[in-house]
Amino acid sequence: PQKEKIRGQFKDKKLEDITELDLGSLDLEALPESFGDLNNLTHLHLGNNKLSSLPESFGNLEALEMLYLNDNKLTALPEAIEG
């Protein structure tokens, strides 16, 4: 069910074409490690989910300018995001 929610946001786009992604309010509990492959992602909304951690691959999102994580269950962020 969670994978279907995420896939629905991608539609027919190629990974390199995605620059903005809204996965807010989908009750997501986890994200795949492959999220780090979204090299051109600049805006990511993950607010209002049930995430308790983020994949280490988030450090690969070098184009990321805006990241919304409000209202989740996070206790720590990957080092690459903190710094």
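The aromatic rings give a count of 1 pair in this predicted model, where rings of Phe, Tyr and Trp (its six-membered ring) pair if their centres lie within 6.5 Å. The ring centres of F35 and F58 are 5.9 Å apart and the planes sit at 10 degrees, so this pair is stacked (planes under 30 degrees apart count as stacked, over 60 as edge-to-face and the rest as tilted). The pair ties together distant parts of the chain, 23 residues apart: F35 is in the loop between β1 (20–22) and β2 (43–45), while F58 is in the loop between β2 and β3 (66–68). Strands here are DSSP runs (E, at least two residues), numbered from the N terminus. F35 counts as buried because its relative accessibility is 3%, and F58 is buried too, with a relative accessible area of 3%. Buried means under 20% relative accessible area, exposed over 50%, and partly exposed in between (1.4 Å probe, protein chains only).

Now for the strands themselves. They form an open sheet of 3 strands in the order β1-β2-β3, with parallel pairing (two strands pair if DSSP finds at least two bridges between them). β1 and β3 are at the edges with a single partner strand each, so one side of each has no neighbour in the sheet.

Residues are numbered from 1 along each chain as its sequence is written. Local features need pLDDT of at least 70 and side-chain atom pairs count only at pLDDT 80 or more, totals for chains, interfaces and linings use all residues, and side-chain values use heavy atoms, with hydrogens and water left out.

Terms used: Helix = DSSP H or I, 4+ residues; strand = E, 2+ residues; numbered from the N terminus.
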